[in-house]
Amino acid sequence: MKKKCEECGRELMGRTDKKFCSDYCRNAYHNKLNKDSNNLIRNVNNRLRKNYRILDSFTLKEGKTTTPKSKLIDKGFDFEHFTNLYTTKKGTVYYFVYDLGYLPLDNDFYMIVRRE
């Protein structure tokens, strides 16, 4: 019995463990398999990516910098979306978007840090 391409169904030629007839079919199959099927998930992931890019746009000196809240807002930062919280032994809470975090300071300033 001949094997068929998992994407388009064409008969496969060549290696016995081959699953796709071309790179196009392999990519199309995996793109369909891995796409975010739920709009909520896609929107949250897009928001997290945007927040990460915004935090990453700041130049960090010795792993940190400070910026006014207005700069973050002007760039479109959404304070509702972050990946995790880190609480220090003193009780200070850092909000992280993957390896970049921010800490609310006095006078509407934020410290941006990178986790080592």
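**Notes on the fold and its contacts**

1. Overall shape. The protein chain has a radius of gyration of 22 Å, whereas a compact globule of 116 residues would have one near 13 Å. That radius is taken over C-alpha atoms, and the globule rule is 2.2 Å times the number of residues to the power 0.38. Along the principal axes, the C-alpha atoms of the protein chain fill a box of roughly 70 × 25 × 25 Å.

2. What the values rest on. This is a predicted model, in which local features need pLDDT of at least 70 and side-chain atom pairs count only at pLDDT 80 or more, while totals for chains, interfaces and linings use all residues. Residues are numbered from 1 along each chain as its sequence is written, and side-chain values use heavy atoms, with hydrogens and water left out.

3. Secondary structure. The protein chain has 3 helices and 5 strands, and from the N terminus on they follow the order α-α-β-α-β-β-β-β. Here helices (H or I, at least four residues) and strands (E, at least two) are DSSP runs, numbered from the N terminus.

4. Burial and surface. Of the 116 residues in the protein chain, 22% are buried; buried means under 20% relative accessible area, exposed over 50%, and partly exposed in between, with a 1.4 Å probe and protein chains only. The accessible surface of the protein chain is about 8800 Å², and carbon and sulfur atoms account for 48% of that surface. These areas come from the Shrake-Rupley method with a 1.4 Å probe, and for residues only the protein chains shown count as cover.

5. Contacts along the sequence. Taking contacts in the protein chain between residues at least 6 apart in sequence, 37% join residues at least 24 apart. A contact means heavy atoms within 4.5 Å.

6. Charges. The protein chain carries 24 positive and 15 negative charges, and their mean positions are 4 Å apart. Lys and Arg count as positive and Asp and Glu as negative, with His and the chain ends not counted; each charge is placed at NZ of Lys, CZ of Arg, CG of Asp or CD of Glu.

7. Salt bridges, starting with lysine 32. The structure holds 6 salt bridges, each defined as a side-chain nitrogen of Lys or Arg within 4 Å of a carboxyl oxygen of Asp or Glu. One of them pairs lysine 32 with glutamate 7, where the closest N and O atoms are 2.8 Å apart. Lysine 32 lies in helix 1 (residues 23–34) and glutamate 7 in the segment before helix 1, so this pair ties together parts that are 25 residues apart in sequence. Lysine 32 is exposed at 53% relative accessible area, while glutamate 7 is partly exposed at 24%.

8. Arginine 15 and aspartate 17 form a salt bridge at 2.9 Å, N to O; arginine 15 is exposed at 63% relative accessibility and aspartate 17 partly exposed at 44%. Aspartate 23 and arginine 26 form another at 3.0 Å, N to O. The two are 3 residues apart in helix 1, so about one helical turn separates them. Aspartate 23 is exposed at 52% relative accessibility, and arginine 26 is partly exposed at 35%. Elsewhere, salt bridges with shared partners join Asp56, Asp99 and Arg114 into one network.

9. Cysteine 8. This residue is in the segment before helix 1 and is partly exposed, with a relative accessible area of 38%. Which residues does cysteine 8 contact, leaving aside its neighbours within four places in sequence? They are Cys21 and Cys25. From cysteine 8 to threonine 65 the distance is 52 Å, C-alpha to C-alpha, and the two are 57 residues apart in sequence.

10. Threonine 67. Is threonine 67 buried or exposed? At 2% relative accessibility, threonine 67 is buried, and it lies in strand 1 (residues 64–68). Not counting residues up to four places away in sequence, threonine 67 touches Phe58, Leu72, Asp108, Phe109, Tyr110 and Ile112.

11. Backbone angles to look at. Tyrosine 98 is not a glycine, yet has a positive phi of about 60°. Tyrosine 98 lies in the loop between strand 3 (93–97) and strand 4 (100–104) and is partly exposed at 43% relative accessible area. Aspartate 108 also has a positive phi, near 60°. Aspartate 108 is in the loop between strand 4 and strand 5 (109–114) and is exposed, with a relative accessible area of 52%.
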